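Here is a short tour of a model with more than one topic to browse. Have the sequence and the 3D view at hand as you read.

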Amino acid sequence: MTIFVEFELAEDTKDLLVSNSDVVCSDVLKDELEKMDDSQLVKVEYTINSPLTILSIIPASDWNSV
Amino acid sequence: MVKVEFERRFLADPVFFDTIVAEPILGTKLMHIKASSKKHPKTHNVILDVHADKVIEKHSLSSSKVSACFHQESQPKELVQENGDISLLIRFAIYLSSKPPYTPVTILTTKEREQAILKNPHLEGIRSSVIVKSGTDAKMSIGVYFREYTHAKNSLR
């Protein structure tokens, strides 16, 4: 399983989930994401499987903590 | 939408990580710039993957720490024959600036390397599509873009 990490704005992750209904993301993660400000920088772990799956979404505003 | 149209892209000379490691706030600012770019979403700041490998080894950093602030890009096939470290950096900057939407590129480096880059023949005749910044100038360029990002963010509230 190949995991790739993307650093992006929460609004981009929200857009992905809205525009691609194939993406798998748990309800818990979706709820956490919805509570985040659109401008929040997040570290997202994806697997490129069929379908693409989001494993984690972690706030990442500080380079020291990533 | 917290998206900003930055004037120039950033290309990291691997030695610029000496500066980032010494001042991690620069890494934080670069993370936000990279993520909020309107023209180059998630790829605004770039480092060649061969250079990223050097950074990871030299500073014992994780790959994600590098990719948090610079998108790692493979060496284009047109440049695989280029052996010179500085020539590769400059020619890759020229390559990036030649791709739509034709955003000019700023190479971020250190004071010690700047002169060697400026003297490289590949920079002859290039006035604006590729420029080089180091030290305080490099930090100021990052600071200006970070302020543009925070301004865009605050204007949404």
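Helices (H or I, at least four residues) and strands (E, at least two) are DSSP runs, numbered from the N terminus. With that in hand, chain A reads β-α-α-β-β along its sequence. This is a predicted model, in which local features need pLDDT of at least 70, side-chain atom pairs count only at pLDDT 80 or more, and totals for chains, interfaces and linings use all residues. Residues are numbered from 1 along each chain as its sequence is written, while chains are lettered from A and ligands numbered from 1 in the order in which they are written.

**Chain A**
- Two helices and three strands make up the elements of chain A.
- Its C-alpha atoms fill a box of roughly 30 × 25 × 20 Å, taken along the principal axes.
- Of the 66 residues in chain A, 26% are buried (20 or more other C-beta atoms within 10 Å of a residue's own, with C-beta atoms placed from the backbone).

**Where the chains touch**
- Contact pairs 13 residues of chain A with 17 residues of chain B (C-beta atoms, placed from the backbone, within 7 Å).
- Strand β1 (residues 3–9) of chain A gives the most to the side that touches chain B, with five residues.

**Helix α2 of chain B**
- The 13 residues of helix α2 (residues 24–36) of chain B should span 18 Å at 1.5 Å a residue (1.5 Å times one less than the number of residues).
- The end C-alpha atoms of α2(B) are 19 Å apart, which agrees.
- Eleven of the 13 residues of α2(B) are buried, including Leu26(B), Met31(B) and Ser36(B).

Definitions and conventions: Buried ≥ 20, exposed ≤ 12 C-beta atoms within 10 Å, placed from the backbone. Contact = placed C-beta atoms within 7 Å.
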